[in-house]
Amino acid sequence: MEVAKIAAIGLIAGILAVTVKKTNPEIAMQVSIGAGVIIFIMVAGELADAVEFIRSFAEEYQSFSEGVGTVLKVVGIAYIAEFAVQILKDAGESALSSKVEIAAKVIIMLLTLPLLHSFAEMVFGLL
Amino acid sequence: MSVSIDLVFKIAAIGILVAVLYQLLVRSGREDIATMVSIAGLIIVLIMVVDLVSELFTTVKSIFGLY
């Protein structure tokens, strides 16, 4: 039971973080970072399988596969940024977290602009 | 799986140990050493967590094809 294991890890880490938070909140933050990473790495194998399936599925449709690659990159960037944002918000640094969010949005926008360009080309080609 | 829940226990144990040592040193009138102890604990934990976070980021990068 993978889910039960993950839920147990989450609960135990939460209890430990709350226990440590009273005396030193900076270490409580690190406990929650560690638990978050461990939980992600536990499901990373399954996630890799799912992403691989999507990729092989997209390979069958030639015009589709470029877009799917970009979408997956965006998901990866969004996940990394969201990880940092949530931890910063938990630590009470919401100003810094919104800066991280904006930076991630800029990078995602830059990544998706070529897709927008090819879309515009396709639309104006039809007209 | 190269990482385990032991690391979380280790971090929390360091947190509790540092808290106890801090209280002990403050009560015995050594505030300067108490501050040093809490900074040292933070750095030890930070080194452990930085490795873990870098592993997370390389995993996410390899899964989603970010290079």
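**Domains of chain A.** I began with the spacing of the two domains in this predicted model, and I noted that the C-alpha centres of domain 1 of chain A and domain 2 of chain A lie 25 Å apart. For the bounds I looked up the domain assignment, which gives domain 1 as 1-53 and domain 2 as 61-127 in chain A. I then checked where the two domains touch, and I found five residues of domain 1 of chain A in contact with five residues of domain 2 of chain A. On the domain 1 side of that contact I sorted the residues by type and recorded three nonpolar, two polar and no charged.

**Fold and overall form of chain A.** I listed the secondary structure next, and chain A came out with four helices and zero strands, so that I wrote the order from the N terminus on as α-α-α-α.

How much of chain A is buried? I found that buried residues make up 17% of its 127 residues, where I counted a residue as buried if 20 or more other C-beta atoms lie within 10 Å of its own. I also looked at sequence separation, and among the contacts in chain A with a separation of 6 or more, residues 24 or more positions apart account for 48%.

**The side of chain A that touches chain B.** I turned to the pairing of the chains and recorded that 32 residues of chain A are in contact with 30 residues of chain B. Which elements of chain A give two or more residues to this side? I noted helix H1 (2-21), helix H2 (25-59) and helix H3 (62-90) of chain A, and the largest share, 17 residues, comes from H2(A). By residue type, I divided the side of chain A that touches chain B into 23 nonpolar, seven polar and two charged residues.

**Confidence.** Last, I looked up what the predictor reports, and I wrote down an ipTM of 0.81 and a pTM of 0.83 for the complex. For chain B I noted a mean pLDDT of 88, with 96% of its residues reaching 70 or more.

Conventions
Residues are numbered from 1 along each chain as its sequence is written. Chains are lettered from A and ligands numbered from 1 in the order in which they are written. This is a predicted model: local features need pLDDT of at least 70, side-chain atom pairs count only at pLDDT 80 or more; totals for chains, interfaces and linings use all residues. A residue is buried if 20 or more other C-beta atoms lie within 10 Å of its own, exposed if 12 or fewer, and partly exposed in between; C-beta atoms are placed from the backbone. Two residues are in contact if their C-beta atoms, placed from the backbone, lie within 7 Å. pLDDT is the predictor's confidence in each residue, from 0 to 100. Ala, Val, Leu, Ile, Met, Phe, Trp, Tyr, Cys and Pro count as nonpolar, Asp, Glu, Lys and Arg as charged, and the others, Gly among them, as polar. Domain bounds come from an automatic or database domain assignment.
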